[in-house]
Amino acid sequence: VQLQASGGGLVHTGGFLRLSCAASGSISVINAMGWYRQTPGKQRELVATISIGGRTNYADSVKGRFTISRDNARNTVYLQMNSLKPEDTAVYLCYARALPYGGDEWGDYWGQGTQVTVSS
């Protein structure tokens, strides 16, 4: 299972970006998908997750500004980020909990990360 993230970039405060992450490979089913972010010297923190049924969970710091969604047919998760702030600057990593085709164990898979920089 491979995850490929895209959509990061440099924006000004108040701007917006949309991140995408597509899962590929021999996949039977994907349960949760989500986004985490990491900055140097800090622990990786949850941004948002979405279940296979569409239930969402957000970090308090992004509620009302970010929206997570997914396309199950395309094994893709999205993160719409509005009203961006300098403190949102980080490497954003996508995540999926998936069952490989023919396998019997769920695994946690991570993408390579995409840089989001918000200038003040």
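**View 1. A four-stranded open sheet in the predicted model.** The strands follow the order E1-E3-E8-E7 with antiparallel pairing; strands are DSSP runs of E, at least two residues, numbered from the N terminus, and two of them pair if DSSP finds at least two bridges between them. Strand E1 (2-6) and strand E7 (66-71) are the edge strands, each pairing on one side only. E7 and strand E8 (residues 76-81) run antiparallel and are joined by six bridges. Threonine 67 stands opposite glutamine 80 in E8.

The model is predicted: local features need pLDDT of at least 70, side-chain atom pairs count only at pLDDT 80 or more, and totals for chains, interfaces and linings use all residues. Residues are numbered from 1 along each chain as its sequence is written, and side-chain values use heavy atoms, with hydrogens and water left out.

**View 2. The aromatic cluster of Tyr36, Tyr95 and Trp110.** Rings of Phe, Tyr and Trp (its six-membered ring) pair if their centres lie within 6.5 Å; planes under 30 degrees apart are stacked, over 60 edge-to-face, the rest tilted. Three aromatic pairs are counted by this rule. Tyrosine 36 and tyrosine 95 are edge-to-face, 6.0 Å centre to centre with 70° between the planes. Tyrosine 95 and tryptophan 110 have ring centres 5.1 Å apart and planes at 50°, so this pair is tilted.

**View 3. Arginines over aromatic rings.** A charge sits over a ring if NZ of Lys or CZ of Arg is within 6 Å of the ring centre and within 35 degrees of the ring normal. Arginine 18 lies over the face of tyrosine 78, 4.2 Å from the ring centre. Arginine 44 lies over the face of tryptophan 110, at 4.5 Å.
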